[in-house]
Amino acid sequence: MKIMYLLAFILLSFLANAQTTTVTTQFSSSTSTHSDPKSKDKVVVKNSQTNSSVSISNSDSRYQLKASFDAHKKEALKKLLQQYMENEYLLSDSKKQEWKKEEKGKTAYEVLLQENRLKINVDKELNSSSFSEKMVLLGEKISDLISNQ
């Protein structure tokens with residue numbers, strides 16, 4: 001009987017890792033924790049009235065983050081992105097900062113910060129696993145920054 005449970009657990013774990021994980025959080029005036037049981041993604045919300053949200057999708061081939069946030073957090077997000085992203089891929093003007101890397105005629109990654117929105121798209125097949133892991137870590141830091149006052 002224990003062997004059956006173990007086999008079922010292993011099978012479910014394998015299936016859970018093969019599927020896309022999406023975590024969406026709309027921040028509100030209470031403190032709460034949101035997590036997807038199929039993943040390690042967890043977003044803790046500690047905020048009072050805000051118009052912020054973070055949506056993360058993490059599959060075997062792609063990592064995506066979409067966020068909206070209060071205007072006063074833009075500078076902190078910009079500094080965080082500058083710590084993680086390579087300057088040689090930065091395209092910037094007064095309204096937006098965009099990091100974009102092309103690889104084999106395709107977009108390997110794109111990070112776009114403008115006004116009160118942030119979008120991150122990473123093609124894991126065109127980037128190293130260490131870079132992909134770095135971007136997942138960056139997404140966690142972004143989520144923490146947006147959820148905190």
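Which residues in the largest nonpolar core touch the most other members? Of its 24 residues, they are Leu-65, Val-111, Leu-118, Ile-120, Leu-138 and Ile-142. Such a core is a set of buried Ala, Val, Leu, Ile, Met, Phe, Trp, Tyr and Cys residues joined through side-chain atoms within 4.5 Å. Buried means under 20% relative accessible area (1.4 Å probe, protein chains only).

This is a predicted model: local features need pLDDT of at least 70, side-chain atom pairs count only at pLDDT 80 or more, and totals for chains, interfaces and linings use all residues. Residues are numbered from 1 along each chain as its sequence is written, and side-chain values use heavy atoms, without hydrogens or water.

At least two core residues come from each of β4 (53-58), β5 (62-68), α2 (74-84), β8 (106-114), β9 (117-123) and α3 (129-147). Helix α3 gives the largest share, 6 residues. Helices (H or I, at least four residues) and strands (E, at least two) are DSSP runs, numbered from the N terminus.

Take Ile-142. Beyond its neighbours within four places in sequence, Ile-142 is in contact with Leu-65, Leu-77, Leu-80, Leu-81, Leu-118 and Ile-120. Contact means heavy atoms within 4.5 Å.

Now the strands. Two strands pair if DSSP finds at least two bridges between them. Strand β7 covers residues 96-103.

Val-111 in β8 is the bridge partner of Trp-99. Val-111 also stands opposite Ile-120 in β9.

Conventions
Buried < 20%, exposed > 50% of the residue type's maximum accessible area, 1.4 Å probe, protein only.
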